[in-house]
Amino acid sequence: MRGPAQKRRGIRAQMAAGFGIFALCTLALLWVFQIFLLTPFYRAIKTREAGRISRQVVKELDSPELAPAAYALCAGTGASIFVSDELGREYVGYKYGFRESLAYDLTRRERAALFEEVNLMGGEYTRIFSDRLLLYAVTVRTGDGNHRLVVIETEITPLESTVETLTVQLLCLTLILLPLGIVLAVVISRRIARPIMEINESAKRLGGGDYSVRFEGRGPREVGGLAETLNFAADELSKTDGLRRELLANVSHDLRTPLTMIKGYAEVMRDLPGENTPENVQIIIDEAGRLNDLVNDLLDLSRLQAGVLELKRERFDLTESIREILTRYDKLADFKFPFEPKESVYVVADKLKISQVVYNLINNAVNYAGEDKTVALSQEVMGDHVRISVTDTGEGIPQDRLRDIWDRYYKVDREHRRAQIGTGLGLSIVKNVLDLHGGSYGVISELGKGSTFWFQLPIDKGEDDDNESETAE
């Protein structure tokens, strides 16, 4: 059974069919208008021309210039002109050349009868005699209250020979245009369809995991734009795939190391008497905690990027929260964490998640700190926002990599080493948490001089908490 994609015709067949239908419709319209409708159109044009001449004559009925005006119209248009009253008395009469004229040769009684007939028909009368003469008559009332009959007689040229000539010409055009239209349809459709078919084949290779594929931009401008977009997508997919593989390798390394230590110390404690010491047990506990932190970070990052994590917003003292976090780094005896805020700042946010942001920024700074082992924190009030900055004195980050460091797969240090603190996913978690809060963040770095990571949150200017009120009392 054929699927929907197989039932649909390709773009080449559709374009060829479209051009063919267009050519056929064009030829059909030419045949209809030039052959079948030529005579009706010609007669309608001659009727409008006679009506125009009669209107010009009517304008001059009360003028002494009626006779010269009628003569000029007769000579200029080739039409015969006759004007009489309701009794058939002639006022003006001109016929073109020496040809016969029905209106001019009418008797007075016949003119009077024609006046009555035209009047009964609403004041306008048109008739074609023997397919060669068109008679157009109108009855009018002048400004002086007199009735007049204006008759315009014009010759209709026989169209049989013209129609025959046009038929032969259209037949020749049909025999030429149909093959030419088919050839053009095939050539143009092939030119447009071929690049699209090539892009389609390359896209299949891209979908199969071949990120080295390149899309050619031959053909129309839109096809070239599509090729550029797909090339960009292929580059990004290749980059993401490489970073994903690197992350898996790094996470595998981070999982394997504590597992190896846990297993080794546990076997020593089981097999060797006297090795069941608090120190060995603490090592196992620390390594298990490291494993737990890695798994929690991976779960948090997945929930953040899936958008299923709900924030528990509350008003809290951000400054005091940072002080509490820094007290937990006292075990890093070799490190210094200067933090001297000028005032306490309150924000409305998820306290646990913002604490996670601060933890991850400090951990990142510790991992890349310089020889002085100093990680400086600062708090700066900027209008309605507070900026928290974490600065290290490490090697810094190249400018061309600053945009990528927030990527979940990116790692500046390509030579993977076990972090002193944290799991290596901290900056991705920071980015996602701050995005959920609508906060801003960034990094300023210079090679050889360290890096400064910062984030900003809106300040809450509500009432101070009850503890401050009690202190004031």
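Biologist: Is Phe337 buried or exposed?
Modeller: This is a predicted model in which local features need pLDDT of at least 70 and side-chain atom pairs count only at pLDDT 80 or more, while totals for chains, interfaces and linings use all residues. Residues are numbered from 1 along each chain as its sequence is written, and side-chain values use heavy atoms, without hydrogens and water. Buried means under 20% relative accessible area, exposed over 50% and partly exposed in between (1.4 Å probe, protein chains only). Phe337 has a relative accessible area of 16%, so this residue is buried.

Biologist: How many aromatic pairs does the count come to?
Modeller: Rings of Phe, Tyr and Trp (its six-membered ring) pair if their centres lie within 6.5 Å; planes under 30 degrees apart are stacked, over 60 edge-to-face, and the rest tilted. By this rule, the number of aromatic pairs is 2.

Biologist: Which kind of aromatic pair do Tyr71 and Tyr94 form?
Modeller: Their centres are 5.4 Å apart. With 65° between the planes, the pair of Tyr71 and Tyr94 is edge-to-face.

Biologist: How many residues apart in sequence are the parts that the pair of Tyr71 and Tyr94 ties together?
Modeller: Helices (H or I, at least four residues) and strands (E, at least two) are DSSP runs, numbered from the N terminus. Tyr71 belongs to helix H4 (residues 66-77) and Tyr94 to strand S2 (residues 90-94), so the pair ties together parts separated in sequence by 23 residues.

Biologist: Which kind of aromatic pair do Phe335 and Phe337 form?
Modeller: The ring centres of Phe335 and Phe337 lie 6.3 Å apart, with 25° between the planes. Phe335 counts as buried at 12% relative accessibility. The pair of Phe335 and Phe337 is stacked.

Biologist: Which ring does the charged end of Arg315 sit over?
Modeller: A charge sits over a ring if NZ of Lys or CZ of Arg is within 6 Å of the ring centre and within 35 degrees of the ring normal. The charged end of Arg148 meets this with Tyr91, 4.2 Å from the ring centre. For Arg315, the distance to the ring centre is 4.3 Å, and the ring is that of Tyr346.

Biologist: How far apart in space are Val386 and Ile459, C-alpha to C-alpha?
Modeller: Val386 is found in strand S9. At 1% relative accessibility, Val386 counts as buried. Val386 and Ile459 are 73 residues apart in sequence, yet their C-alpha separation is 6.2 Å.

Biologist: Which residue in the turn of the S10 and S11 hairpin has a positive phi?
Modeller: S10 pairs with strand S11 (residues 450-458) in the antiparallel sense over 7 bridges. Glu446 stands opposite Gly450 in S11. The hairpin has 3 residues between its strands, and the one with a positive phi of about 85° is Gly448.

Biologist: In S4, what is the bridge partner of Tyr125?
Modeller: S3 and strand S4 (residues 133-141) run antiparallel, joined by 6 bridges. The partner of Tyr125 in S4 is Ala137.

Biologist: How far apart are the C-alpha atoms of Asn364 and Leu425?
Modeller: Asn364 lies in helix H10 (residues 351-367) and counts as buried at 15% relative accessibility. Asn364 and Leu425 are 61 residues apart along the chain, and their C-alpha atoms are separated by 9.4 Å.

Conventions. Two strands pair if DSSP finds at least two bridges between them.
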